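Here is a briefing on helix packing and charged pairs in one structure. Please read it with the model open.

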Amino acid sequence: MLDYRIYTFLKLCETMNYRKTAEELNMTQPAVTQHIHHLEEIYQVKLFEYEHKQLRKTSFGMKLESYARSVIYNERMFKEQLKNPEQQNIRIGATKTIGDYAIDDLVKFCLTNPNIQFELRIDNTENLLNQLKNQELDFLIIEGYFDKTKYDFKLFKKEELIGICSKQHPFANKKITFDELFNEHILLREKGSGTRKVFEQFLTEHNYSMATFKRYSVINSLHLIQSAVELNMGISFVYESIPRKNKEIATFRLNNKIIHEFNYVFLKDSKAKELFCLLINQI
């Protein structure tokens with residue numbers, strides 16, 4: 001069992017502000033400070049420090065945060081198994097591209113298995129990582145960037161990010177140059193989306209940015225982006241599994257390929273990886 005002060009520590013890790021932590025936990029600020037000092041005395045390390053008046057976690061604080069979140073998750077799983085050993089609760093988070101186009105078999109298996117209580121959340125990479133961190137999900141399937149030192153992970157597959165356009169667009173079924181690309185109206189997902197982050201990182205590696213485009217628009221819906229592309233209102237970049245399922249749009253490629261990983265992601269040192277392996281073996 002974890003020391004109850006750990007929960008104060010984890011809330012401070014989220015807010016990075018003693019006053020906000022006290023307000024959210026209905027405590028006094030001195031009580032929050034006392035809890036943190038107590039943990040620092042137990043572990044004989046400094047968990048937080050100020051740098052230019054900004055509160056920062058120390059390396060020891062980061063390690064304790066990772067450990068504590070995993071222990072809380074493992075304890076929850078243990079309680080669930082004691083309560084109902086015949087039923088398996090599985091909560092999966094997936095990014096929009098993967099949820100809509102890449103995990104049909106997994107979803108079908110979970111929905112048709114009477115011993116599985118299933119939940120699937122579709123969201124962008126940033127939000128899903130926060131939900132995983134707060135033990136709201138068991139594991140993620142994402143295409144976005146994440147800190148591989150903070151999580152356990154397993155490669156799902158690699159896919160190419162390719163351009164999509166209307167069948168009437170001059171780019172249809174062609175290879176194009178950067179100069180041609182930047183004259184177009186490009187449609188992007190919202191900030192926090194893994195697809196957008198991968199594309200922006202690709203541009204940065206070639207010394208470009210979104211500002212190089214003649215025009216760009218942001219749409220928080222992959223379905224709407226595809227509809228707009230079909231109507232020749234702009235172009236976009238998506239993973240190759242999407243146009244394979246949508247025959248109403250054409251594709252194009254740049255001379256430089258954009259290859260990226262899809263990964264299963266778990267809290268570090270948590271029982272979620274065992275749950276995942278059991279599930280995948282059954283499928």
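E14 and K11 are 3 residues apart in helix α1, so about one helical turn separates them. The two form a salt bridge, with the closest N and O atoms 3.4 Å apart. The model is a predicted one.

**The E14–K11 pair**
- E14 is partly exposed, at a relative accessible area of 37%.
- K11 counts as buried, because its relative accessibility is 17% and the cut-off for buried is under 20%.
- E14 also takes part in the contact of α1 with α4.

**Helix α1 against helix α4**
- Helix α1 spans residues 5-15 and helix α4 spans residues 59-83.
- Their axes lie 10 Å apart, and the helices pack at an angle of about 120°.
- α1 and α4 are therefore oblique to each other.
- The crossing of α1 past α4 is left-handed.
- On the α1 side, the contact is made by I6, Y7, F9, L10, C13 and E14.
- On the α4 side, the contributors are G61, L64, E65, A68, R69 and I72.
- Sorted by class, this contact of α1 with α4 has 8 nonpolar, 1 polar and 3 charged residues.

**Helix α1 against helix α3**
- Helix α3 covers residues 29-43.
- The axes of α1 and α3 come within 9 Å and cross at roughly 110°.
- That makes α1 and α3 roughly perpendicular to each other.
- From α1, the contact uses R5, I6, T8, F9 and L12.
- From α3, it uses V32, H35, I36, H38, L39 and Y43.
- The residues of the contact of α1 with α3 divide into 7 nonpolar, 3 polar and 1 charged.
- I6 and F9 of α1 are listed in the contact with α3, and I6 and F9 are also listed in the contact with α4.

**Other salt bridges**
- How many salt bridges does a search of the whole structure find? The search finds 22.
- Side chains of opposite charge can pair when their charged atoms come close.
- E65 pairs with K57 in a salt bridge, the closest N and O atoms being 2.8 Å apart.
- E65 is buried, with a relative accessible area of 10%, whereas K57 counts as partly exposed at 23% relative accessibility.
- E65 is also one of the α4 residues in the contact with α1.
- D104 forms a salt bridge with K245, and their closest N and O atoms are 3.4 Å apart.
- D104 lies in helix α6 (residues 104-112) and K245 in helix α11 (residues 241-245), so this pair ties together parts that are 141 residues apart in sequence.
- D104 counts as partly exposed, at 34% relative accessibility.
- K245 is partly exposed, with a relative accessible area of 47%.
- A network of salt bridges links R76, E80, R91 and D138.

**Q117 in strand β4**
- Where is the place of Q117? Q117 is in strand β4, which runs over residues 116-122.
- Is Q117 buried or partly exposed? Q117 counts as partly exposed, at 46% relative accessibility.
- Leaving aside neighbours within four places in sequence, Q117 is in contact with Q87, Q88, N89 and I90.
- Q117 and K191 are 74 residues apart along the chain, and their C-alpha atoms are separated by 32 Å.

Technical notes:
Residues numbered from 1 in each chain as written. Predicted model: local features only at pLDDT ≥ 70, side-chain atom pairs only at ≥ 80, totals over all residues. Heavy atoms only, no water. Axes fitted to C-alpha atoms, helices over the stretch in contact; angles between N-to-C directions. Helix = DSSP H or I, 4+ residues; strand = E, 2+ residues; numbered from the N terminus. Parallel < 35°, antiparallel > 145°, perpendicular 65-115°, else oblique. Left-handed = near helix turned anticlockwise from the far one by under 90°. Contact = heavy atoms within 4.5 Å. Nonpolar A, V, L, I, M, F, W, Y, C, P; charged D, E, K, R; others polar. Salt bridge = Lys/Arg side-chain N within 4 Å of Asp/Glu carboxyl O. Buried < 20%, exposed > 50% of the residue type's maximum accessible area, 1.4 Å probe, protein only.
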